[in-house]
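Biologist: Please show me how to read the surroundings of a ligand.

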Amino acid sequence: MARKRNPFKPSAGANPPALVGREALIDEFAESIEDGPGAPGRLTIFTGPRGVGKTVMLNAIAERAQAEYQWLPIHETATPGLLERIAGQAAAMLEERSPTTRKITGVSISGIGGLTLSQGPAPPELGLRQVLASLLGHLEQHGSGLLVTIDEVHAGQADELKQFAAVVQHLVREERDIALVLAGLPQAVSALLSGKSVATFLRRAERHSLGALPLSDVATALRQTIEQAGRTISPESVDAAARASGGYPFMVQLVGYHIWRAADADAIVPDDVARGVAAARRRLGTLVHETAVKDLSQVDREFLLAMAGAPGPSRIADIAERMGRPANYVGVYRARLLAAGLIEESGWGAVDFALPFLREYLLDQA
Ligand SMILES: Nc1ncnc2c1ncn2[C@@H]1O[C@H](COP(=O)(O)OP(=O)(O)OP(=O)(O)O)[C@@H](O)[C@H]1O
Ligand SMILES: [Mg+2]
């Protein structure tokens with residue numbers, strides 16, 4: 001019997017076999033394309049913890065923009081050289097659309113005759129703004145536009161992001177068909193937007209924080225994915241698998257992947273689910289939690305363990321009491337862990353874990 005391919009994708013940035021629960025956000029972005037320049041959704045930031053599906057969201061938006069509106073994507077990550085890479089991609093797209101343009105624009109901007117410009121990379125003289133404007137000119141003639149996505153934004157890259165935001169802001173003012181969608185960890189985005197070197201323009205972006213997926217949608221997606229790949233699973237088993245994922249997108253893929261692997265027949269049975277879920281937990285621990293807590297100090301860990309002792313959010317006073325330390329001392333660690341993105345505020349001075357299943361992981365390890 002031929003081996004059936006495992007359809008699940010428990011891997012960073014990999015598009016899942018079924019994208020669960022993001023339809024409304026993708027629709028919202030699509031509407032902004034229809035609404036035209038100045039629509040708020042054309043400047044959007046997605047935030048959320050590791051593995052929640054930010055990168056996949058950027059992919060999904062770009063796919064929709066391309067399929068439905070023929071908008072072209074430029075995908076980038078916020079690392080040094082960002083502006084140059086965007087300019088390079090735009091220049092390549094421009095040349096593809098109009099092989100003569102580069103020479104002509106090169107002449108007018110550099111004023112050196114364009115002789116050497118017909119080969120090699122785009123000339124830096126061709127400023128980012130001009131390249132984008134020329135490219136948009138071509139795209140708009142065909143009713144399309146340009147979507148730039150920048151993943152993993154953080155304050156360390158504030159300067160280039162600020163410069164790029166200024167370019168985009170100009171283009172928006174000129175009513176060009178361009179959209180900018182950013183993604184990053186919540187604490188990285190907050191640090192970026194609260195820093196003084198960031199453009200006000202970026203602060204006005206629509207912000208969406210991505211969170212857990214509804215379990216009923218997860219169950220449906222798991223079942224459909226399994227059936228489409230040629231296997232079966234009972235409703236009870238699929239519900240158990242969905243519950244074990246906690247609706248956390250990365251865990252959805254891990255659970256799906258490992259229950260598929262655990263089964264050696266085409267019908268996935270409860271025992272496969274139990275073994276698959278256990279394997280998925282272990283993988284999540286090594287891939288996400290171990291890395292997340294690796295560099296923490298002893299007291300940071302104590303703090304987290306004190307939190308893990310309670311089933312829900314903890315107040316700082318309770319954490320201090322559980323740790324047997326003064327509240328002001330504990331407050332320092334609260335700030336550190338918030339900054340590290342491991343915990344988040346949860347109303348009325350309480351904090352909770354920001355990473356799904358971190359509590360379970362810590363209790364397991366203790
Ligand atoms: N809506 C979704 N439905 C099902 N699976 C999803 C969904 N979104 C993401 N995933 C899966 O979750 C995993 C993590 O997705 P992704 O890499 O986009 O997360 P991320 O938020 O970018 O994480 P990081 O902060 O580490 O970059 C991938 O395996 C992906 O296939
Ligand atoms: Mg990502």
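Biologist: How many residues surround ligand 1, and which are the closest?

Modeller: A residue counts as near if one of its heavy atoms lies within 4 Å. Here 25 residues surround ligand 1, and Lys9, Gly13, Ala14, Lys54 and Thr55 are the closest. The model is predicted: local features need pLDDT of at least 70 and side-chain atom pairs 80 or more, whereas totals for chains, interfaces and linings use all residues. Residues are numbered from 1 along each chain as written, chains are lettered from A and ligands numbered from 1 in written order, and side-chain values use heavy atoms, without hydrogens or water.

Biologist: Which polar backbone atoms lie 2.6 Å from an oxygen atom of ligand 1?

Modeller: A polar contact pairs N or O atoms within 3.5 Å. One such backbone atom belongs to Lys9, and another to Ala14.

Biologist: Which domains contribute to the shell around ligand 1?

Modeller: Domain bounds come from an automatic or database assignment. Domain 1 (23-209) and domain 2 (215-292) each give at least three residues to this shell.

Terms used: Polar contact = N/O pair within 3.5 Å; in protein donor to acceptor, adjacent residues only side chain to side chain.
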